[in-house]
Amino acid sequence: MEQQIQHIIDTKTKPLGALGRLETLAKQIALIQQTTQPRLVEPHLVVVAASHGIANEGVSAYPSEVTYQMVLNFLAGGAAINVFTRQHGITLKLVDAGVDYTFDPYPHLIDAKVAPGTRSFLREAAMTPEQCVTCLENGRALVAQVQATGCNVIGFGEMGIGNTSSAAMLMSVLLNLPLADCVGTGTGVADERYTQKLAILEQAKAVHSTVDATDPMAVLQTFGGFEIATMCGAFLEAARRRMVMLVDGFIASVAFLCAYRLDPSIRLFAVFCHQSAEKGHARLLAELDAEPLLQLGMRLGEGTGCAVAYPILQSAVAFLNEMASFESAGVSGENA
Ligand SMILES: Cc1cc2ncn([C@H]3O[C@H](COP(=O)(O)O)[C@@H](O)[C@H]3O)c2cc1C
Ligand SMILES: O=C(O)c1cccnc1
C-alpha cells in the first residue's frame, strides 16, 4: 500500500518531492484510510473544558472562572475557535468534562462532567482512579457519537484555566525531563509570576515523588485535568476507528502523549497541526518525532491550531485525488 501511494505521488506532474510536506501528509492520510483516494468527511473540532484545582494556587494570569465564561463565549459563537471553525466549515462541539458551573442544555454541548473541577495536585492527587477511568470512557464515547455523523477527521481543543501547569507536570514526569523545560508562561505569567509558577510546580512534583512514571494512568490521575484525560480517551478511540486525528498545541499534545504511552499504535493517526509558542511544545514534538504543519507563534489552545491547519489537509488530499500524472497529461518525465 505504502509503495503504491508513494508511486502515485511521485508520478504527479511535478518534480519529485516538490510538494514537500503536503506529500508526506497525503501519504499519511491515505495510509490511515487505506486507500489511494482518501476523503475528508464531516470534519469536527471538539473542545473539552474543565476546571482545575491548581488554578487557585497562583499559576495562571487569569482566574479560574474564565473557564466557564469562555465556555459561554464558545456557546455564543464569539471565541477564536468559533471564528476559525466557521471559516473552514468544521463542525464545533463542546464538552463539559468538569467545569465548575452549571450550563443550560445546549445542542452542541455534550455533558461529560465528572466533577466540578479537579482537586489541587499541590495537595493531593487531582482525581480519583475512578474519575480518571471515567474521563477516558467519556472521551471514547464522544468520539463514537461524532463518528456516527459520518465524520472521519476529528480535532481536539481544550479550555481550562491552569491546564498549562497540569500539562507541564504530565510532560515532566512521563518524559523524565526537568520541569524548567516543560513549564511555560501559559496565559502570560511574566517574570516573578513565572518563577512562582515554576516553584509551585516543583513543590507539587516533590509532593508526588513516589508516583510511578511508567504508569500513564497513575500519572494522569495525579496531575491531569478532566479535559486532558477525556482527550486522552478520545485519541485512543479515534485511532481505533482509523480517523484522522488533529492534534493542537501544548496541552492537546500532552493528552496525546498520555494516550500514546497507553497505546503506541495510535501514532500513525495523528497530524500535529502546529508548534505552539508555549515552552515545552517544541521538545514534546521532538520526543514524539512529530513535524508540525504550522509555526505561527500561536499559544491559545481551544483547537485553534487544528482549525487553521485544516485547509492544508484539504490541499494534501486534493492534489492526491485531482492532479494529473505525467502519463495522463502527456508531460515528459525526468531525464534518465
Ligand atoms: C480569555 C482566555 C481564553 C482562552 N482560550 C484558551 N485559553 C488557554 O489558556 C489556558 C491555559 O493557560 P494557563 O495555564 O496559564 O491558565 C487554557 O484555558 C487554554 O485553553 C485561554 C485563556 C484565556 C485567559
Ligand atoms: O499550546 C497550547 O495548547 C496553549 C498554550 C498556552 C495557553 N493555552 C494553550
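Biologist: What makes the set of 104 residues a nonpolar core, and which of its members touch the most others?

Modeller: A nonpolar core is a set of buried Ala, Val, Leu, Ile, Met, Phe, Trp, Tyr and Cys residues joined through C-beta atoms within 7 Å. The largest such core here has 104 residues, and Val47, Leu170, Cys232, Phe235, Met245, Val254 and Ala255 touch the most other members. Keep in mind that this is a predicted model, in which local features need pLDDT of at least 70 and side-chain atom pairs count only at pLDDT 80 or more, while totals for chains, interfaces and linings use all residues. Residues are numbered from 1 along each chain as its sequence is written, and chains are lettered from A and ligands numbered from 1 in the order in which they are written.

Biologist: Which residues does Val47 touch?

Modeller: Two residues are in contact if their C-beta atoms, placed from the backbone, lie within 7 Å. Leaving out residues up to four places away in sequence, Val47 touches Phe74, Ile81, Leu92, Leu94, Val95, Gly157, Glu158, Met159, Glu302 and Gly303.

Biologist: Why is Gln147 called partly exposed?

Modeller: A residue is buried with 20 or more other C-beta atoms within 10 Å of its own, exposed with 12 or fewer, and partly exposed in between, with C-beta atoms placed from the backbone. Gln147 has 18, so the label is partly exposed. Gln147 belongs to helix H5 and touches Arg241 and Met243, not counting residues up to four places away in sequence. Its C-alpha atom is 8.9 Å from that of Glu42, 105 residues away along the chain.

Biologist: What makes H10 mostly covered?

Modeller: Of its 13 residues, 11 are buried, among them Phe250, Val254, Phe256 and Tyr260.

Biologist: Which residues come nearest to ligand 1?

Modeller: A residue is near a molecule or strand if its C-beta atom, placed from the backbone, lies within 6 Å of it. Of the 18 residues around ligand 1, Ser60, Thr164, Gly186, Thr187 and Gly301 come nearest. Helix H3, strand E4 and helix H6 each give two or more residues to this shell, and H6 has the largest share, 3 residues.

Biologist: What gives the most to the shell around ligand 2?

Modeller: That is H10, with 3 residues. Gly249, Phe250, Ser276, Glu278 and Gly301 come nearest among the 14 residues there.

Biologist: Why does the radius of gyration agree with a globule of 336 residues?

Modeller: The radius of gyration is taken over C-alpha atoms, and the globule rule is 2.2 Å times the number of residues to the power 0.38. A compact globule of 336 residues would come near 20 Å, and the protein chain has 20 Å, so they agree. The chain has 13 helices and 6 strands, and 50% of its residues count as buried.

How values were computed
Helix = DSSP H or I, 4+ residues; strand = E, 2+ residues; numbered from the N terminus.
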